[in-house]
There are 2 protein chains.
Amino acid sequence: MRNTFIDNISLEETKPLFFNRIEKYSKKETIPTEKSLGRVTSSPVFANVSSPNFNASAMDGILVRSKDTETASETNPVTLKKDKDFLYVNTGNPVNPEFDAVIMIEEVVEAENGDVRIIKSAYPYQHIRNVGEDIIKNDMILPSFHEIRPEDIGALFAGGIFEIEVVKKPKVAIIPTGSEIVEDYRNLKVGDIIDSNSRMFEAMITVSGGEPYRYSPVRDERELLKKNILDAVGKNDIVIINAGSSAGTHDYTKSLIEELGEVIIHGIAIKPGKPTILGFIEDKPVIGIPGYPVSAYFVYQEFVKSLLEKMLCRDDEKADIVKASLSKRIYSSLKHKEFVRMTLGYVGGKLVATPLDRGAGVSMSLVKADGILVISRNNEGHDIGEEVEIKLLKPLSAIKKSIVVIGSNDPIMDRISDRIKLSLSHVGSFGGVLALKKKETTIAPIHILDSKSGTYNTGVLNKYFPSGDAALIKGIKREQGLMVPKGNPKNIRGIEDLIRADLTFMNRQRGAGTRILLDYNLEKLGIDNNDIQGYEREAVTHMAAAMSVKSSTCDLALGVKSAADILDLDFILVDYEDYDFAVLKDSLEDERVLKFIEYLKSEEFSKEIDNIPGYKLENPGEIVEIS
Amino acid sequence: MRNTFIDNISLEETKPLFFNRIEKYSKKETIPTEKSLGRVTSSPVFANVSSPNFNASAMDGILVRSKDTETASETNPVTLKKDKDFLYVNTGNPVNPEFDAVIMIEEVVEAENGDVRIIKSAYPYQHIRNVGEDIIKNDMILPSFHEIRPEDIGALFAGGIFEIEVVKKPKVAIIPTGSEIVEDYRNLKVGDIIDSNSRMFEAMITVSGGEPYRYSPVRDERELLKKNILDAVGKNDIVIINAGSSAGTHDYTKSLIEELGEVIIHGIAIKPGKPTILGFIEDKPVIGIPGYPVSAYFVYQEFVKSLLEKMLCRDDEKADIVKASLSKRIYSSLKHKEFVRMTLGYVGGKLVATPLDRGAGVSMSLVKADGILVISRNNEGHDIGEEVEIKLLKPLSAIKKSIVVIGSNDPIMDRISDRIKLSLSHVGSFGGVLALKKKETTIAPIHILDSKSGTYNTGVLNKYFPSGDAALIKGIKREQGLMVPKGNPKNIRGIEDLIRADLTFMNRQRGAGTRILLDYNLEKLGIDNNDIQGYEREAVTHMAAAMSVKSSTCDLALGVKSAADILDLDFILVDYEDYDFAVLKDSLEDERVLKFIEYLKSEEFSKEIDNIPGYKLENPGEIVEIS
């Protein structure tokens, strides 16, 4: 019952196969104009009335007969009799047909008896808005397939259009499948997965101009899924089946579409998103979207969004593309086109792009991404420093405000980024120093112990920036130590226990300051790292290391106290270390860096740190020059 | 009771005076996550649960103990016993703690007895998604003041956030004022104005993230307006009073804000939008916005939109700016900063900008605008051909698709523009020829009679394009004639009647083909145009000319039959004329022009024309070369 065969057709070949099969969508409905914001006209809209529908005064002033004023001049003013020769009018008042011109109130001299004197002649129809000046009855106000904006609604009302025919929102069914998927989030059991994709789809469909209809998750039972698909096809214009599109034993989607209609494609050469199914049931498009959130996102963009744009005859919005320099080498396979989520930031005037976690399961990579790098199928990847094109997900103005921070990770950085916009990448302390050297980061958080002097951070900067162009912004002192399960059931006492046969360790990646601290202590104790079980396993952040202890993937890991506290682990202090911020001296004039320093020195930051055990402050924000 | 004094303070000076007085907005509310699209977080959001919250298989395959597989190779496969040594798993299934690795189903050879053979060792935690791979409990999912997107909703659900604290939508009251303003559009009387601005504001406020609350129009009674303002201030965060902000006798807005609070500014040096009032009542901003729709639009953008962005801590969206070449000279006064609505289009690769109607009452200029030219206060205007900066209102991709059409006006052009995107400017036939000569238009619709030969259009092109680089695309034949009121009450028989003392005429602008036709006929009849009442009055389009007859502004005008028909006027035929499209020969290879020609030749166009009296077709789309 397993469908092990999956195609690997290119995205470019897939699209015409699918889109050319779509029938013209022509459902319409008439709605009140005031509810038409964002909707799309289905036919041209012609004015019912003229605007204004009468000749109107365009000024505050008096209504006159232009003939009466012909001789008026400064030396020879003309006097007009109240009610007989003129009438007061405000802007917008109808023009009494007896009169044919308006004189502005500023140009009128009022006499005590109510008469007025004027010193300038008025030409016929002076300051009069003619009937239809704005809109003439039967003028086309909007063409067909126009997306209605606030200013259009204003013009429609002015033209007497109180109801408008628009394209009916295409209905899109979302069927989440899988016995592990739960909708009710209370009392989650091990193995349960919260249905988050459907909620993302609902919002995406709303943004694309469709009307989402979300089903409750369907258990892995073929007949049950069949019933739901038939119901959805009957009531909707597009059907999304989420997950079950792969080759697992419970992946019924493909065989059901085959049974009820036709499968066009199963398997596209894109990453993420390969196990996509494109098919039709009763001429309605049915799309099997893979379950990983990032796959779900991209497959939606390529197929459902395009489909809705086509149905609504909306212009396909083209994302803006910028050129940026890669801060990290990226390998990709020739087997597929890849969509890589990237952060972007300006470092000394240069736009730098850094890849985020490439796992299809990492929905946070979508949240954090500033843009997307598309690596085509015939491309093995890009070198560090290479100029690449990035599709923007955020406006460049927002990206300009944020500071690129590449280096060591600490949970405090997220807290800071809530106040000062930071574009964070965790590559360890050494990675940070190298990025700074190559001008790919503005700030490099580091904690590197100099094994000779026993001091932090200045040693490494002296070595890598011998000409003195770097500086150190003092940050925080933090407790590093062993994170062990609550109650320390295996009675771990310190680093010396790492060689115990009953213990499995989780290390940090090469270049991480925490790993340097470990190696420094192992050397002091004369321990060979080959004797440590798990030395070769690497977590990339303190929280990931803590989580591996929490989930019993290992027995202990080295990390900061704050991470252990967050997950309610026990903590055995190893050392207080200096977690500081390396920068190039030039950056100390960067307005964004100055704000960062100001925040480190602020009382607000001091209070924030006081609330988190495991940290202390000693002159944060102080500048240490490297000579 | 008239407030004749109005300030003229620059926009730049006004803004700090107003915005620095705004108090920090800090209203919050907790809403279900699925309803949070487009809302703004009021504080950082931290995950409630990890995702996944268990170690999960990352592949479809089998769950094994990595130790059991250590020796596996192609030459020495390892056999694993069903249920004892391995379990089948699908992607996302929890990892039974007995096992520590997943082997992909594609790499497994199944034996008949249910056992499997493998030929490659598995490393520990191979193809296993660790607890928290995506999100770790207490990770920051979103920072504060973040506008929530679909991908954020996905991550929030994955992190177990089912309710979220967001900034409460600021409530904005809209009070339309003026006894002439009506909400109920049935049975419009002369002098009534449909309340269209409030509807535009409602939609604009929705787009800006606020919650609009629209009042019914308030009559010009001081106490009534006062009651409404007090009600609105009590229930809302911002109050807009629309119109009544000028210096008319019924403009109570200023004196009421003064009575109930404080007026900061009355009169800003912008056009349109001068008579704006900025004030505060009970510390709430109260904004008096002028009544003309275009003024209303710009004053909203400068003050209400910015205010809402500030309250919601949203990044102020900066419109994209492009450089374009002006097709027409624009004068502006040193008295104010001016916002001019522009159409944009590519002509032979060059982006050309043409001003739309600059009247503050012309809401259609907002509908038609592709961008805004801001002319600063110390600038008298811009020359034809000058490069200017335009703020885009539409994506450049949409602008690229449309054809620039400058020249003579005919109602049929609107119909064509519903099928083929056209960027239309009406400057008359001669204006079109000149624009074509200066390469500022791609198509110039013209109908110019050669008085010597009595033929249309080829003569003028021969003269202006002697080197033969122009061509004529044949268009339509149309009836031109005198438009007179229904029933022809003044018994007008033809052009010869124009000199009658009881008749007032409405002419077309200089350079219009219709005016050339008139002058040609006057000359034939030996009539001096000084003898015609109204010869100097000009309407810019056929519909405007027809409307001047319909509204009794004049007794007759010359124009096309279709315009007379639309307004139910009588029509006296003068001549059939050729309304054709002049282009440069190069453009005949432009894909957009080819589509235009294709449409002229289509059966669809032929049917469209059949339905409109006053037109006929003779080889439309045929190319006539000019030698």
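## How α3 and α6 of chain A cross

In this predicted model, helices α3(A) and α6(A) make a right-handed crossing. Their axes, for α3 (residues 197–207) and α6 (residues 293–311), come within 11 Å and cross at roughly 30°. Angles under 35 degrees count as roughly parallel, so that label goes to α3(A) and α6(A).

Who does the touching? On the α3(A) side the contact uses A:Asn197, A:Met200, A:Phe201, A:Met204 and A:Ile205, while α6(A) brings A:Pro293, A:Ala296, A:Tyr297, A:Tyr300, A:Gln301 and A:Leu308. Sorted by class, that's nine nonpolar residues, two polar ones and no charged ones.

## Two helices with a buried side

Helix α1 (residues 11–19) of chain A buries A:Leu11, A:Thr14, A:Phe18 and A:Phe19. Look down the α1(A) axis and these residues sit within an arc of 105°, so they line one face of the helix.

Over in α5 (residues 253–260) of chain A, the buried residues are A:Thr253, A:Lys254, A:Leu256 and A:Ile257. Their arc around the axis is only 165°, which puts them on the same side of α5(A). Among the elements covering them are α4 (222–235), β17 (238–242), β18 (262–266), β20 (277–281) and β21 (284–289) of chain A.

## A buried lysine in chain B

B:Lys561 belongs to helix α14 (residues 561–566) of chain B. With a relative accessible area of 19%, B:Lys561 counts as buried, because the cut-off is under 20%.

Setting aside neighbours within four places in sequence, B:Lys561 touches B:Glu479, B:Phe571, B:Pro613 and B:Gly614. B:Ala546 is 15 residues from B:Lys561 in sequence, with 9.7 Å between their C-alpha atoms.

Most peptide bonds are trans, and most residues other than glycine have a negative phi. Here are some exceptions. A cis bond links A:Ser51 to A:Pro52, with omega about -10°; A:Pro52 is in the loop between β2 (45–46) and β3 (56–57) of chain A. Another cis bond joins B:Lys271 and B:Pro272, with omega about -5°, and B:Pro272 sits in the chain B loop between β19 (270–271) and β20 (277–281).

As for positive phi, A:Asn488 has a value near 45° and lies in the loop between β32 (470–484) and β33 (505–508) of chain A. B:Glu282 has a phi near 50° and is in the loop between β20 and β21 (284–289) of chain B. Buried or exposed? A:Asn488 is buried at 17% relative accessible area, whereas B:Glu282 is exposed at 56%.

Terms used
Residues numbered from 1 in each chain as written. Chains lettered and ligands numbered in written order. Predicted model: local features only at pLDDT ≥ 70, side-chain atom pairs only at ≥ 80, totals over all residues. Heavy atoms only, no water. Buried < 20%, exposed > 50% of the residue type's maximum accessible area, 1.4 Å probe, protein only. Helix = DSSP H or I, 4+ residues; strand = E, 2+ residues; numbered from the N terminus. Arc of directions from axis to C-beta. Contact = heavy atoms within 4.5 Å. Axes fitted to C-alpha atoms, helices over the stretch in contact; angles between N-to-C directions. Parallel < 35°, antiparallel > 145°, perpendicular 65-115°, else oblique. Left-handed = near helix turned anticlockwise from the far one by under 90°. Nonpolar A, V, L, I, M, F, W, Y, C, P; charged D, E, K, R; others polar.
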